Amino acid sequence: METGFRRLSVIIAASLLASAAWAQEDDDILGEIISPDLERREIREAQIDSENFEITVYAGGVMNVEDFGSNPLYGAALAYHINEDVFMEAAYGQTELGESSFERLSGSAPLLTDEQRELSYYDLSLAWNLFPGEYFLFDRWALNSSLYLIGGIGSTSFADEEHFTYNIGAGVRVLTKDWLALRLDVRDHIFEHEIFGEAQSTNNLSAQLGISIYF
């Protein structure tokens, strides 16, 4: 009886050891399947500054004033980024009007003096970064970018008068550094004047290329 009991104990112990060995072997096989031997790529996190202010200088621009043709435009803007989607901007621009279509066709005396042909405007606008993304150059460089919509109100001054002005437009911003960006901005400046005797609403398009610095 005692001998039978010992044999039964030995058989049970052997069975437990065999089960443990099989379980260890199964774990090793699952480990090889679940954890493949991959070479991990080193990732460098972008060091993007958190400055909220942006100053832009527009050196290459053109403005088409209805009836007065297209002329070079210069200006600057100061923006405050409320968050990553929305920013406010105060802008100033200046150009010089050419001859009106009436002056060119009639050959009459000029309607405006040289000083009255100097046009300047300022506005306060709100913008929405609609499509943030990236531009790729030569499959080597990736530049952060954003396409934005913008609109606001302001004033336009020329011919010794101030004209309340709406502006709407869009632009694209490309960051070449974490503190430096290139901007292309297109607007329609809408205001009303009575230079030709009757009140008329005009659409005056501008396109500007500028450099922005964050601080």
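Analyst: A charge counts as sitting over a ring if NZ of Lys or CZ of Arg is within 6 Å of the ring centre and also within 35 degrees of the ring normal. The model is predicted, with local features needing pLDDT of at least 70 and side-chain atom pairs counting only at pLDDT 80 or more, while totals for chains, interfaces and linings use all residues. Residues are numbered from 1 along each chain as its sequence is written, and side-chain values use heavy atoms, leaving out hydrogens and water. At 4.8 Å from the ring centre, the residue that lies over the face of Phe 87 is Arg 173.

User: Along the sequence, what pattern does the chain follow?

Analyst: Helices (H or I, at least four residues) and strands (E, at least two residues) are taken as DSSP runs and numbered from the N terminus. The chain has two helices and eight strands. Read in sequence order, the pattern is α-β-β-β-α-β-β-β-β-β.

User: How many bridges join E1 to E2, and which residue of E2 is the bridge partner of Phe 53?

Analyst: Two strands are said to pair if DSSP finds at least two bridges between them. E1 and E2 run antiparallel, and the bridges joining them number eleven. The hairpin of these strands has three residues between them, and Asp 67 there takes a positive phi near 75 degrees. As for Phe 53, its bridge partner in E2 is Tyr 80.

User: Which residue of E8 does Met 63 stand opposite?

Analyst: E1 is joined to strand E8 (residues 200-214) by ten bridges, and the two run antiparallel. In E2, Met 63 has Asn 71 as its bridge partner. In E8, Met 63 stands opposite Ser 206.

User: Over how many bridges do E2 and E3 pair?

Analyst: A hairpin of four residues joins E2 to E3, and Ala 77 stands opposite Ala 91 in E3. The pairing is in the antiparallel sense, and the number of bridges is nine.

User: What is the volume of the largest cavity?

Analyst: A cavity is a set of points, on a 1 Å grid over the protein atoms alone, where a 1.4 Å probe fits but cannot get out. Points are joined across faces, edges and corners, and a volume is the space filled by probe spheres set on them. The search of the whole structure finds one cavity of 30 Å³ or more. The volume of the largest cavity is about 60 Å³.

User: Which strand gives the most to the lining of the largest cavity?

Analyst: Lining residues have an atom within 4 Å of a point, and those of the largest cavity include Tyr 58, Glu 89, Tyr 121, Asp 123, Arg 187 and His 189. They divide into five nonpolar, three polar and three charged, where Ala, Val, Leu, Ile, Met, Phe, Trp, Tyr, Cys and Pro count as nonpolar, Asp, Glu, Lys and Arg as charged, and the others, Gly among them, as polar. With three residues, the strand that gives the most is E3.

User: How many residues apart in sequence are the parts that Phe 53 and Tyr 80 tie together?

Analyst: Rings of Phe, Tyr and Trp (its six-membered ring) pair if their centres lie within 6.5 Å, and planes under 30 degrees apart count as stacked, over 60 as edge-to-face and the rest as tilted. The whole structure has seven aromatic pairs, and the one formed by Phe 53 and Tyr 80 is tilted, at 5.1 Å centre to centre and 50 degrees between the planes. Because Phe 53 lies in strand E1 (residues 53-65) and Tyr 80 in strand E2, the separation in sequence of the parts tied together is 27 residues.

Methods
1 Å grid on protein atoms, 1.4 Å probe; cavity = no way out; pocket = protein on both sides within 12 Å on 5 of 7 lines; lining within 4 Å.
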